[in-house]
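Me: I would like to learn how to read the features of a helical model, one at a time. Please give the general idea and then the case at hand.

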Amino acid sequence: MHSLTVQLLNHLCTKVEDLEVSRAKEIFSQSFITGAKYGIPEILEEIIKSYPFALEYLNEDVFKLAVVNRHEKIFNLICETGMHRQLIIRTRGDSNKDNILHLAGKLAPRHRLNLVSGAALQMQRELHWFKEIEKYAPRAFSESENNEEDKPKMVFIKKHENLIKEGEKWMKGTAKCYTLAAALIATVVFAAAITIPGGNHDDTGLPNFSKEKAFKVFATSDALSLFLSIASVLICLSILTARYAEDDFLFALPKRLIFGLVTLFLSVTSMMIAYSSAIYLLFGEKKAWILITLAALACLPVTLYGIWQFPLLVELIYSTYGPGIFGKHSNRLIR
């Protein structure tokens with residue numbers, strides 16, 4: 001469908017080229033604004049390819065639409081042309097005192113925020129936009145005041161006040177759930193370490209199964225699960241006690257949540273290995289089918305955890321450590 005739409009767009013551009021110059025310019029100009037408004041870079045690319053002079057349509061209005069509506073594909077296209085530095089300086093808001101940083105500091109439309117799940121990740125995306133514009137803007141823009149005597153950073157904080165509160169609520173709610181789960185795991189594996197399967201030898205006090213491979217697996221995985229679950233509790237507690245400043249949503253808080261999720265997942269996996277090893281020691285009788293059955297059953301909770309929590313973990317890692325939404329060049333060359 002996308003390929004057919006691009007072909008139709010190319011055909012329409014060819015037909016418009018055959019019209020009178022004034023009429024063609026009018027159609028291309030209106031189409032440029034429409035493409036920027038709805039975030040469709042293919043429209044802009046095809047017009048520029050068909051009508052090279054259309055680069056003059058990459059003006060302040062198009063750049064403003066890209067920033068205000070958070071259309072990163074349009075922004076990246078403008079960066080490819082090398083005109084973004086000029087447009088950052090020239091673009092103004094409804095008030096002449098609003099520069100591009102004031103516009104970037106305003107809250108994105110709701111439908112653009114909902115592209116990512118969770119208020120914390122939405123706040124992180126908004127910070128990415130503000131930092132990206134700030135990177136190219138002259139330093140004086142950061143200290144410039146608008147008609148309300150607000151600098152761009154103050155505009156950002158005021159417009160995102162509710163989103164910051166929602167992000168804090170989401171992070172704390174998530175961290176509380178993980179803290180509870182990790183604390184329960186720590187309690188269980190600590191009790192398992194005290195009540196060793198098979199008991200101890202009456203004379204030496206050593207575990208009766210100390211020479212069995214399964215016991216060594218049990219001891220190692222149980223200890224590992226205990227350490228990882230306690231680490232997960234401490235990480236989640238650090239999230240609960242964080243200050244929740246706006247810049248913390250960019251890297252600090254997502255990083256802690258990533259490590260909390262990873263350590264919790266590893267502790268669940270280690271706990272299931274320890275439990276399966278203990279059952280095999282007591283009732284396995286060194287039979288392969290019992291070992292295979294226990295391994296399959298142990299994979300069930302680990303798999304369920306992965307299915308339900310892995311998408312969130314992937315999204316967190318990609319948004320925090322990934323290539324980001326900026327700097328991605330189009331596969332369709334503009335000639």
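Reply: A note on the basis comes before the features. This is a predicted model, in which local features need pLDDT of at least 70 and side-chain atom pairs count only at pLDDT 80 or more, while totals for chains, interfaces and linings use all residues. Residues are numbered from 1 along each chain as its sequence is written, and side-chain values use heavy atoms, with hydrogens and water left out.

Me: How many helices and strands does the protein chain have?

Reply: Helices (H or I, at least four residues) and strands (E, at least two) are DSSP runs, numbered from the N terminus. The protein chain has 15 helices and zero strands.

Me: What does the radius of gyration say about the protein chain?

Reply: The radius is taken over C-alpha atoms, and the globule rule is 2.2 Å times the number of residues to the power 0.38. For 335 residues the rule gives 20 Å; the protein chain has 29 Å, well over that, so it is more spread out than a compact globule. The C-alpha trace spans about 100 × 50 × 25 Å along its principal axes.

Me: What share of the residues is buried, and what share of contacts joins residues at least 24 apart?

Reply: Buried means under 20% relative accessible area, exposed over 50%, and partly exposed in between (1.4 Å probe, protein chains only). Of the 335 residues, 43% count as buried. Contact means heavy atoms within 4.5 Å. Among contacts between residues at least 6 apart in sequence, 75% join residues at least 24 apart.

Me: How is a pair of helices read? Take H12 and H14 as the case: are they roughly parallel or roughly antiparallel?

Reply: Axes are lines fitted to C-alpha atoms, for helices over the stretch in contact, and angles run from 0 to 180 degrees between N-to-C directions. Angles under 35 degrees count as roughly parallel, over 145 as roughly antiparallel, 65 to 115 as roughly perpendicular and the rest as oblique. The axes of H12 (residues 161–194) and H14 (residues 252–283) come within 10 Å and cross at roughly 30 degrees. H12 and H14 are therefore roughly parallel to each other.

Me: Is the crossing of H12 and H14 left-handed or right-handed?

Reply: A crossing is left-handed if the near helix is turned anticlockwise from the far one by less than a right angle, and right-handed if clockwise. For H12 and H14 the crossing is left-handed.

Me: Which residues meet between H12 and H14?

Reply: On H12 they include Trp-170, Thr-174, Tyr-178, Ala-181, Ile-185 and Val-188, and on H14 they include Leu-257, Leu-261, Leu-264, Ser-267 and Met-271. The residues of this contact divide into 15 nonpolar, two polar and no charged. Here Ala, Val, Leu, Ile, Met, Phe, Trp, Tyr, Cys and Pro count as nonpolar, Asp, Glu, Lys and Arg as charged, and the others, Gly among them, as polar. As background, an α-helix has 3.6 residues a turn, so residues three or four places apart point the same way.

Me: At what angle do H9 and H11 cross?

Reply: The axes of H9 (residues 119–136) and H11 (residues 152–159) come within 12 Å and cross at roughly 165 degrees. That makes H9 roughly antiparallel to H11. H9 passes H11 in a right-handed crossing. Met-123, Glu-126, Leu-127, Phe-130 and Lys-131 in H9 meet Pro-152, Lys-153 and Phe-156 in H11. That contact divides into five nonpolar, no polar and three charged residues.

Me: And where do H4 and H5 meet?

Reply: The axes of H4 and H5 come within 8 Å and cross at roughly 140 degrees. That makes H4 oblique to H5, and the crossing is left-handed. Val-62, Phe-63 and Ala-66 in H4 meet Ile-74, Phe-75 and Ile-78 in H5. The contact divides into six nonpolar, no polar and no charged residues.

Me: Why is H3 described as largely enclosed?

Reply: Nine of the ten residues of H3 are buried, so it is largely enclosed by the rest of the structure. Among the buried ones are Glu-42, Glu-45 and Glu-46. The buried residues of H3 pack against H1 (2–17), H2 (21–37), H4 and H5 (72–81).

Me: Is Tyr-51 buried or exposed?

Reply: At 15% relative accessibility, Tyr-51 counts as buried. Tyr-51 sits in the loop between H3 (41–50) and H4 (60–68). Leaving aside neighbours within four places in sequence, Tyr-51 is in contact with Lys-25, Phe-28 and Tyr-57.

Me: Where does Arg-70 lie?

Reply: Arg-70 lies in the loop between H4 and H5. Its phi is near 60 degrees, a positive value in a residue other than glycine. At 2% relative accessibility, Arg-70 counts as buried.
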